[in-house]
Amino acid sequence: MTQIIPGENEGIESALRRFKREVSKAGIFSDIKKHRHFETPSQKHKRKAVARHKQQRYSRRSR
C-alpha cells in the first residue's frame, strides 16, 4: 500500500501530487485497469501475444 507523510508546511495540493506520483510508480493504476473487467482465457492469451510482439519489435530496434 502506498502512503505518504505530508510535511508540516506542505500544502494539500503538493501532498496529493506526490501521492499520485507514488501510486503511478507502484503500478497500481495499470493493475486496476487490468482487473476492471473479466477477461476470458482467449482474450488474455491474445493480449499477452500482442505484448510479446511489441517487446520483440522494440528489442530489434534498439540493437
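Predicted model: local features only at pLDDT ≥ 70, side-chain atom pairs only at ≥ 80, totals over all residues.
**View 1. The protein chain as a whole, with three helices and zero strands.** From the N terminus the elements run α-α-α (helices are DSSP runs of H or I with at least four residues, strands are runs of E with at least two, numbered from the N terminus). The radius of gyration is 18 Å, whereas a compact globule of 63 residues would have one near 11 Å (taken over C-alpha atoms; the globule rule is 2.2 Å times the number of residues to the power 0.38). Of the 63 residues, 5% count as buried (buried is under 20% relative accessible area, exposed over 50%, partly exposed in between, with a 1.4 Å probe and protein chains only).

**View 2. The nonpolar patch of Ile28, Phe29 and Ile32.** These residues make a surface patch of about 260 Å² (patch residues have over 30% relative accessible area and no salt bridge; nonpolar side chains, namely Val, Leu, Ile, Met, Phe, Trp and Tyr, are joined within 5 Å, and like charges within 9 Å). Areas come from the Shrake-Rupley method with a 1.4 Å probe; for residues, only the protein chains shown count as cover. Ile32 is partly exposed, at 44% relative accessible area.

**View 3. Glu22 and Lys25 in helix α1.** The two form a salt bridge, with their closest N and O atoms 3.8 Å apart (a side-chain nitrogen of Lys or Arg within 4 Å of a carboxyl oxygen of Asp or Glu). Both lie in residues 12-26, three residues apart, about one turn of the helix. Lys25 is exposed at 64%, while Glu22 is partly exposed at 32%.

**View 4. The salt bridge of Glu10 and Arg18.** Their side chains meet at 3.0 Å, N to O. Glu10 is partly exposed, with a relative accessible area of 26%, and Arg18 is partly exposed at 28%.

**View 5. The salt bridge of Glu39 and Arg47.** Here the N to O distance is 2.9 Å. Glu39 has a relative accessible area of 22% and Arg47 has 36%. The structure holds three salt bridges.

Technical notes:
Residues numbered from 1 in each chain as written. Heavy atoms only, no water.
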